[in-house]
Amino acid sequence: MPGKFILASAALTAGLALTACGSGGSSAASAGPSKSPTASAGAGAGPVASAASPGCLLQYRLWASGPAHAAGDNLTAALNGLAAASAASDVATASAALKRAGTAARALEHYPIPGCADPKRYWHAVLHQIEGAADSAGTSQGQGTLTIAQGVMKQMPVLERKLATELQVTIPDLTRSK
């Protein structure tokens with residue numbers, strides 16, 4: 001079980017590092033449809049546009065260098081703490097780290113990724129999964145805390161890969177030098 005938390009944490013940390021490399025941001029991303037984030041993130045039936053408008057890279061870079069950056073750093077630190085506590089089988093510390101991650105994810109909800117960069121709302125789904133895991137951890141005690149949260153967190157690596165792939169398609173210049 002701790003290995004799965006480490007994998008989820010590592011995957012999300014990689015995703016946050018990718019998003020931190022760029023920057024951009026308009027709050028238009030939060031004005032999406034009222035579907036659940038997991039449903040909209042998993043509904044990727046059609047291909048995403050092969051190239052974003054030139055302004056999307058700028059929006060993304062502004063987002064990633066703005067208030068979302070500090071909130072993302074907080075989330076990364078909490079997930080790194082979760083990975084370490086899980087590896088050490090330290091249930092109390094893991095539970096506290098998971099709760100901190102949930103708080104950081106909720107803070108990031110206030111700074112949505114630009115809609116042009118993430119039209120399928122994978123970033124929102126990632127945050128929603130972390131929030132769900134943190135909420136689940138609060139309903140149990142001891143080892144049960146991690147067991148419940150594990151079920152919620154198991155989709156994290158898949159969502160992170162989908163987000164990273166989407167960003168490569170929607171903002172192809174993201175990985176190039178500024």
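**Exercise 1. Surface and fold**

How much accessible surface does the protein chain have, and what share of it belongs to carbon and sulfur atoms?

*Solution.* Before starting, note that this is a predicted model, in which local features need pLDDT of at least 70, side-chain atom pairs count only at pLDDT 80 or more, and totals for chains, interfaces and linings use all residues. Residues are numbered from 1 along each chain as its sequence is written, and side-chain values use heavy atoms, with hydrogens and water left out.

Step 1: the accessible surface is about 8,100 Å², and 59% of this belongs to carbon and sulfur atoms (Shrake-Rupley method, 1.4 Å probe; for residues, only the protein chains shown count as cover).

Step 2: turn to the secondary structure, where the protein chain has eight helices and zero strands (DSSP runs, numbered from the N terminus: H or I of at least four residues for helices, E of at least two for strands).

Step 3: of the 178 residues, 44% are buried (under 20% relative accessible area with a 1.4 Å probe, protein chains only; exposed is over 50%, partly exposed in between).

**Exercise 2. The aromatic pairs**

Find the aromatic pairs in the whole structure and classify each one.

*Solution.* Step 1: the search gives two pairs. Rings of Phe, Tyr and Trp (its six-membered ring) pair if their centres lie within 6.5 Å; planes under 30 degrees apart are stacked, over 60 edge-to-face, and the rest tilted.

Step 2: Y60 and W63 have ring centres 5.5 Å apart and planes at 45 degrees, so this pair is tilted. Both residues sit in helix α3 (residues 54-65), three residues apart, about one turn of the helix.

Step 3: the ring centres of W63 and W123 are 5.8 Å apart with planes at 85 degrees, so this pair is edge-to-face. It links distant parts of the chain, from W63 in helix α3 to W123 in helix α6 (residues 122-137), 60 residues apart.

Step 4: put together, Y60, W63 and W123 form one aromatic cluster.

Step 5: check burial. Y60 is buried at 0% relative accessible area, W63 is buried at 7%, and W123 is buried at 2%.

**Exercise 3. The nonpolar core**

Which residues have the most contacts inside the largest nonpolar core?

*Solution.* Step 1: a nonpolar core is a set of buried Ala, Val, Leu, Ile, Met, Phe, Trp, Tyr and Cys residues joined through side-chain atoms within 4.5 Å.

Step 2: the largest such core has 39 residues, with Y60, L75, I130, L167 and I171 having the most contacts inside it.

Step 3: the largest share of this core, nine residues, comes from α6.
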